[in-house]
Amino acid sequence: MADASVLPADSPVPDEIVRSALIHAAAEKVFAIISEPGWFINDGEYREHKVTRQGAITQVVDPVHGSFQLAIEVREPPNRIRFRWLGGGLGAISDAPNNTVEFIIDPAGTAKRNLVRLTVRERGFAKLGLDEAVRRRNFEENYRGWEQQLRVARELAEGGPRQTDQQ
């Protein structure tokens, strides 16, 4: 059975996705996870990526999804990081339509209880230049995908060290 649409059929595709999750961990631990370029490129399970940097551009190669270019636009440890990304494109990141993915960590607990709210904001669907049906499909896939990625961040932060096949 196909997933139900997250958007009413007659509504325009929004330019932004906003999703949040509560995580029982210190902001610094969560920031260490989310500041890794491309950590969110996966299928709901963390996996290592080949990451190379050339100037302001970071190339992330995922063994399943391929190659992505990212640039860090804002880095404010331990509360905020924003990536501009261009999935699989060639050339400078400014040469093609792209969007931004921003992660914000806000305190949600007390001094005695480490609890943060991790919010992701993906912006830029309107300027991707795709037709409405493709934009709608991409929006809906990403909307559901951020739920998976926030779960990955929570599991990594709450569950201790990362598990990889090479351990």
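**Entry 1: Glu147**

I started with Glu147, which I found in helix H2. Helices here are DSSP runs of H or I with at least four residues, strands are runs of E with at least two, and both are numbered from the N terminus. I noted that this is a predicted model, where local features need pLDDT of at least 70, side-chain atom pairs count only at pLDDT 80 or more, and totals for chains, interfaces and linings use all residues. Residues are numbered from 1 along each chain as its sequence is written, and side-chain values use heavy atoms, with hydrogens and water left out.

Buried means under 20% relative accessible area, exposed means over 50%, and partly exposed is in between (1.4 Å probe, protein chains only).

I then looked for a partner. The side chain of Glu147 makes a polar contact with the side chain of Arg19, at 3.1 Å. A polar contact is a pair of N or O atoms within 3.5 Å; within protein, one must be able to donate a hydrogen and the other to accept it, and residues adjacent in sequence count only if both atoms are side-chain atoms. I also checked Gly44, which is 103 residues from Glu147 along the chain. Their C-alpha atoms are separated by 8.6 Å.

**Entry 2: Glu140**

I stayed in helix H2 and moved to Glu140. Glu140 counts as buried because its relative accessibility is 10%. What does its side chain meet? A polar atom of that side chain lies 3.3 Å from the backbone nitrogen of Leu7. Leaving aside neighbours within four places in sequence, I listed Ser5, Val6 and Leu7 as contacts of Glu140. Contact means heavy atoms within 4.5 Å.

**Entry 3: Strand S1**

Arg19 sent me to strand S1, residues 16–23. Its covered face holds Ile17, Arg19, Ala21 and Ile23. Its uncovered face holds Glu16, Val18, Ser20 and Leu22. In a regular strand the side chains alternate between the two faces of the sheet.

Which way do S1 and S7 pair? They pair in the antiparallel sense, over eight bridges. Two strands pair if DSSP finds at least two bridges between them. I picked out Ile17, whose bridge partner in S7 is Glu122.

Next came helix H1, residues 27–34, with Ala27, Val30, Phe31, Ile33 and Ile34 as its buried residues. Seen down the axis of H1, these fall within an arc of 160 degrees, so they line one face of the helix. The arc is that of the directions from the helix axis to the C-beta atoms.

I followed Val30. Beyond its neighbours within four places in sequence, Val30 is in contact with Ile23, Ala25, Ile105, Val116, Leu118 and Ala157.

Which residues touch the most other members of the largest nonpolar core? Of its 36 residues, they are Ile23, Val30, Ile34, Phe40, Phe103, Ile105 and Leu118. H2 gives the most to this core, with seven residues. A nonpolar core is a set of buried Ala, Val, Leu, Ile, Met, Phe, Trp, Tyr and Cys residues joined through side-chain atoms within 4.5 Å.

**Entry 4: Gly124**

I found Gly124 in the loop between strand S7 (116–123) and helix H2 (132–159). Gly124 counts as buried because its relative accessibility is 4%. Not counting residues up to four places away in sequence, Gly124 touches Asp15, Asn98 and Asn99.

**Entry 5: Strands S2 and S3**

How many of the five residues of strand S2 (residues 50–54) are buried? The number is zero, so S2 lies largely in the open. Five bridges join S2 to strand S3 (residues 57–62), and the two run antiparallel. I saw Gln54 opposite Ile57 in S3. The hairpin of S2 and S3 has two residues between the strands, and there Gly55 takes a positive phi near 65 degrees.

**Entry 6: Whole chain and confidence**

The protein chain has two helices and seven strands. Of its 167 residues, 42% count as buried.

Last, I checked pLDDT, the predictor's confidence in each residue, from 0 to 100. The chain mean is 84, and 84% of residues reach 70 or more. Over residues 88–93 the pLDDT is below 50. It also stays under 50 over residues 161–167. Where pLDDT is low, the predicted coordinates should not be read in detail.
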